[in-house]
Amino acid sequence: MAKCSVCQAPAVAYVRVQRRYLCRQHYLEYVEAKVERAIRRYGMVGRGQRVLAAVSGGKDSSTLLATLSRLSGRLGFELIGFYIHLGIYDYSEKSRRAAEELAAKLGVPLLALDLREVLGMGIPELAKTSRRPYCSVCGSVKRYVINAAAVELGADAVALGHNADDIAVYNMKSFLSQDLEAISKLGAKTDTVEGVAVGRIRPLYLVYEKESFLYSLLSGLPFLHEECPFVDRRQLEVELKEAVNRLEDKSPGIKMQMVTRLAKRIGDYPRPRGEVSRCPSCGLISSGGECSFCRITRRALGRPMGMEVRRRIRALAAEMGLLRASQSHS
Ligand code: SF4
Ligand code: ZN
Ligand code: ZN
């Protein structure tokens, strides 16, 4: 049996790019070191800052919350988890349980918003009334609600669980359609727009998908193994993922090269044109006129619901004692 290159204990994994075997303990430390390197290299979060981590119940968000909770003491930031119940039948119930168990195990406060409590409906109904694909509506809703939570909680950054494989695949997909503005959003960190949008960070930027999965497994973290029933297995992303993995097999390290070079050159890609404006209905970021969440909910419910979501999050945060001192009386 192979032995750990560091301590000679039985190995559980082989890290090909480093040509080393690692035991459980050293494997976990290896992944945590990658997350710490990404946070420091890309200046993701500073001392005294508050980070809101988006938790879906899946493996990447488990790895995200666990690694951040291990690093938060040393790097001096505050960590809060945020979960959205999307109302996707049994899948959402199971993912909520996984997210709650995870946060309890790690001792991280978790703010959970149930879309159905605010809107009276979840993603399936919203997608039907807006006649848009499930994932497109769901993506808009999640982006909006996570940003709204970060604004209400006075967070300095939103941490997302995108791993290196995700970034490589989105990059290739955007490149194929020459959507260079979409590539400009794939860096390790995006900027905050004061009062309307909180910058996003991707602490798993240097972590491969396989590593994230193994980290969750070896740490004994609860996570949901099944996929959302609406996931489209015929998507171009699935094929690109296979293509990137084949390339990686032939040229180990090429995937990492792609994401680190992308991070370096991110400023060279054109940013979306036009002024950043405030949604007249909810006051958060919009690319002109009403934001997409307010439009989607106006179509489904007859009125924009951004303000309701903001109020609900604020009330939940107040109940949990999570509002910052400067916010609690405003
Ligand atoms: Fe939402 Fe689509 Fe993901 Fe399901 S697969 S959670 S509908 S984005
Ligand atoms: Zn070891
Ligand atoms: Zn709005």
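Tutor: Donors are N, O and S atoms within 2.8 Å of the metal (3.2 Å for Na, K and Ca), and water is not among the atoms, so sites may look incomplete. You're looking at a predicted model, where local features need pLDDT of at least 70, side-chain atom pairs count only at pLDDT 80 or more, and totals for chains, interfaces and linings use all residues. Residues are numbered from 1 along each chain, chains are lettered from A and ligands numbered from 1 as written, and side-chain values use heavy atoms, without hydrogens and water.

Student: How do you know which atoms coordinate the zinc ion (ligand 2)?

Tutor: Check the distances: C4 (SG), C7 (SG), C23 (SG) and H26 (ND1) sit at 2.1 to 2.3 Å from the zinc ion. That range is within the 2.8 Å limit, so these atoms count as donors. Along the chain, the donor residues of ligand 2 follow the pattern C-x2-C-x15-C-x2-H. C4 is in the segment before strand 1 (13-15) and H26 is in helix 1 (residues 24-41), 22 residues apart, and the pair links distant parts of the chain. Helices (H or I, at least four residues) and strands (E, at least two) are DSSP runs, numbered from the N terminus.

Student: What makes C4 count as buried?

Tutor: Its relative accessibility is 1%. Buried means under 20% relative accessible area (exposed is over 50%, partly exposed in between; 1.4 Å probe, protein chains only). C4 therefore counts as buried.

Student: What makes the site of the zinc ion (ligand 3) tetrahedral?

Tutor: Its 4 donor atoms make angles of 102 to 115 degrees, and that gives a tetrahedral site. The donors of ligand 3 are C279 (SG), C282 (SG), C291 (SG) and C294 (SG), lying 2.3 to 2.4 Å from the zinc ion. They're spaced C-x2-C-x8-C-x2-C in the sequence. C279 is buried at 2% relative accessible area, and C282 is buried at 3%.

Student: Why do E211 and K34 count as a salt bridge?

Tutor: The rule asks for a side-chain nitrogen of Lys or Arg within 4 Å of a carboxyl oxygen of Asp or Glu. The closest N and O atoms of E211 and K34 are 2.8 Å apart, and the pair passes. E211 lies in helix 9 (residues 209-219) and K34 in helix 1, so the bridge ties together parts 177 residues apart in sequence. Both residues, E211 and K34, are buried. In total, the rule gives 24 salt bridges.

Student: How do you know that R310 and E152 link distant parts of the chain?

Tutor: R310 and E152 form a salt bridge, with their closest N and O atoms 2.6 Å apart. R310 is in helix 13 (residues 306-319) and E152 in helix 6 (residues 134-152), 158 residues apart. R310 and E152 are both buried.

Student: And what makes E308 partly exposed?

Tutor: E308 has a relative accessible area of 27%, so it's partly exposed. Its salt-bridge partner is R311, with the closest N and O atoms 2.6 Å apart. R311 is partly exposed too, at 47%. Both lie in helix 13, 3 residues apart, about one turn of the helix.

Methods
Four donors count as tetrahedral if all angles lie between 85 and 135 degrees; four count as square planar and six as octahedral if opposite donors are over 155 degrees apart and all others between 65 and 115; anything else is irregular.
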